[in-house]
Amino acid sequence: MAKDAPPRWDRRMQQRLTRGEAAALGELYDRFAALVHSQAHRMLDDEDAADQVTREVFGYVWENPGVYDPRHGSMRSWVARLTHRLSVQRLRREQGEAGAPDADGRAEELEHRVLRATAAARADYIVASMPAPLRAALELAYVQRRDYRQTAADLGVTGDEARRRLRLGLQLLSTANYGPSADSAPPGYGPTP
Amino acid sequence: MSGGRDGDGRDGEKPVERRIPGPRAAADDQERLPPARPVKPPAPPAPPLPHKVLTSLLGAWALAACSAEETAAVEEHLTSCAPCADEALRLRDAVGLLHTDGTLDLDPMLRSRVLEGCLGRRPARIPVPSWAAPYDAETARLDALLRDIGDAEWHAPVRLKWFEDDRQAHRRTTVAGVIGHLMAVDGLVSRALDLDDPLGKGGSHLPPTPTGRTERYWSAALRPPTRAVREPWRDQSHTLVRTVSFAGRGIAERSVPYGDFDLPLQDSLLERAFECWVHGGDIADAVDYPYEPPAAAHLHRMIDLAVRLLPATLAGRRRAGLAAPARDLVTAGSPGRSLHLEVEGRGGGDWYIALDSPAALGSPAHTVAQVALDGVEFCRLVAGHVPPAEAAAGQQGDREAIRDVLFAAASLSRL
């Protein structure tokens with residue numbers, strides 16, 4: 001959706017899910033499926049596994065809508081947190097099943113992988129949630145490889161403003177690398193890409 | 001240790017001897033190399049950029065998006081300013097988190113699998129009626145396509161095609177214009193359910209025809225429609241699905257007026273699902289995206305609706321002199337002369353279409369002609385996207401009956 005999810009939407013969705021309304025489940029999917037799937041894919045780097053986690057996330061929300069507490073943030077960030085948790089569980093489970101001759105080394109490797117994947121997934125979340133003008137500036141400079149003066153011209157803003165947006169965008173993004181822990185919530189909530 | 005001023009240069013007075021590697025190249029590894037530092041010393045030293053400006057350049061520097069002079073000035077500055085050097089490192093690492101592979105397209109069929117899985121774990125207390133499922137699925141599928149297209153693509157030209165007066169008709173609009181069209185016609189269903197009309201109060205003064213409403217919507221817009229139309233269109237389709245879920249059994253037969261004819265709500269939403277798929281395909285063609293046919297069960301229902309509409313359509317064309325006269329009228333409810341429509345592939349099946357009267361029953365025993373074609377091809381015929389003369393793969397029997405049925409199928413299409 002092109003606008004921030006208002007808390008009112010979150011509470012109303014929770015009520016509708018609680019009351020067992022299938023249409024609400026469809027709307028929930030329409031709003032969050034792209035987020036859930038891309039976050040799971042970023043964590044697991046596997047299409048089937050991401051599909052599976054997507055099913056688990058929506059299954060969990062549908063069965064336990066009461067667990068969501070609107071006072072602790074948006075439904076969007078709750079869903080992102082669930083996706084992260086279920087993806088990490090899946091990674092650990094796969095690791096466990098693989099059996100380990102060098103258990104310590106592999107556990108360490110797994111933790112590295114979890115941290116890396118978490119930072120990448122959190123970065124995606126931040127990019128998707130940041131104000132559109134910042135995202136547009138980053139896309140021009142990074143994807144289109146425009147310099148900041150060209151970026152400014154494309155966006156119809158001053159060079160100063162383009163510099164400000166690029167710096168601010170990267171500052172937001174850099175918090176993905178310095179999150180408090182692998183299990184913490186991605187910050188904020190905002191628009192879906 | 002006193003850490004006094006007699007130290008070895010860590011006191012912050014002298015330049016911090018710390019070199020930060022240059023910024024990453026953008027996007028891929030085809031480096032736009034960081035500009036080489038000028039070898040000859042610039043004769044008159046340029047006035048140094050103020051600290052504030054250098055700081056503001058850090059983001060652009062990390063993205064390799066400033067000029068050679070600015071890059072040099074920033075890197076010079078980083079050797080002497082610890083806070084900026086810290087930030088520069090952090091921002092450059094952040095660039096490493098960006099990627100160009102975009103978001104993956106979500107498999108459109110995942111939605112039904114996920115929802116089914118959920119409903120298997122906890123059955124809905126308020127289910128979506130099965131006859132509304134195709135509309136729910138098709139609107140979701142089109143919405144997912146719309147989410148993935150860029151601002152400019154909303155203005156991509158779309159050529160709408162249909163069959164009118166037994167000839168191909170066309171109309172040019174844009175992607176956003178198509179969504180406006182879908183929204184205006186879905187509004188017929190909203191009105192029948194006493195919901196808000198997307199055309200506002202003015203909608204009640206209009207002839208309730210799909211074309212009239214669409215023309216009104218298009219002409220009332222001061223500017224060409226933009227992607228802003230997506231949200232009201234989506235809100236309306238969500239509202240329709242929610243409303244019919246709560247409405248109880250009787251609602252399925254509620255009459256939806258289309259001007260020249262009425263459809264019961266359950267058929268009307270099926271017709272809207274069909275239109276949504278067809279126009280989703282038009283949009284996908286315009287922006288060069290793949291777009292699959294609906295799920296087999298939904299496609300089957302859509303074909304069935306078109307087939308059920310055919311006998312009355314044939315009768316109407318006969319009255320207008322566009323189809324051959326009835327040959328063999330039977331009493332109402334008895335089997336009459338029939339055409340066997342054999343639809344192959346996804347959503348397929350066998351249908352027997354009564355030729356001489358809507359009151360007669362289609363019957364295998366009274367088959368005088370047979371037409372075989374693919375399910376998607378049949379839908380393209382009904383949508384007016386292929387001329388009737390080119391539609392059927394296999395034909396047998398009464399040529400006049402076949403021609404009349406194929407033309408009647410094409411005449412179901414409209415703007």
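Predicted model: local features only at pLDDT ≥ 70, side-chain atom pairs only at ≥ 80, totals over all residues.
Residues are numbered from 1 along each chain as its sequence is written, and chains are lettered from A and ligands numbered from 1 in the order in which they are written.

**Confidence in chain A**

- Chain A has a mean pLDDT of 85, with 85% of its residues at 70 or more; pLDDT is the predictor's confidence in each residue, from 0 to 100.
- A contact here is two residues whose C-beta atoms, placed from the backbone, lie within 7 Å.
- Residues 180–193 of chain A also stay under 50, with 39 contacts beyond four places in sequence.

**Chain A overall**

- Chain A has eight helices and zero strands. Helices (H or I, at least four residues) and strands (E, at least two) are DSSP runs, numbered from the N terminus.
- Of its 193 residues, 46% are buried. Buried is 20 or more other C-beta atoms within 10 Å of a residue's own, exposed is 12 or fewer, and partly exposed is in between, with C-beta atoms placed from the backbone.
- Take the contacts in chain A between residues at least 6 apart in sequence: 70% join residues at least 24 apart.
- An unreviewed UniProt entry annotates residues 28–95 of chain A as "domain: RNA polymerase sigma-70 region". UniProt positions are in the numbering used here, feature names are shortened, and annotations may be inferred rather than shown by experiment.
- That span, residues 28–95 of chain A, is 81% helix and 0% strand, with its end C-alpha atoms 31 Å apart.

**Helix α1 of chain A**

- The buried residues of α1(A) are M13(A), Q14(A) and L17(A). They sit on the same side of α1(A) because they cover an arc of only 100° around the axis, the arc being that of the directions from the helix axis to the C-beta atoms.
- Exposed residues R8(A), R12(A) and Q15(A) are on the face of α1(A) turned away from its buried side.
- Just after α1(A), G20(A) has a positive phi of about 85°.

**Where the chains meet**

- The interface brings 46 residues of chain B into contact with 48 residues of chain A.
- On the chain B side, α2 (58–62), α4 (82–95), α5 (110–121), α6 (133–148) and α9 (230–246) each supply at least two residues. The top contributor is α5(B), with eight residues.

**The core**

- The largest nonpolar core has 151 residues, and V79(A), L166(A), I353(B) and V405(B) touch the most other members. Such a core is a set of buried Ala, Val, Leu, Ile, Met, Phe, Trp, Tyr and Cys residues joined through C-beta atoms within 7 Å.
- Helix α2 (residues 22–44) of chain A gives this core its largest share, 14 residues.
- Leaving aside neighbours within four places in sequence, V79(A) contacts F32(A), L35(A), V36(A), V57(A) and V61(A).
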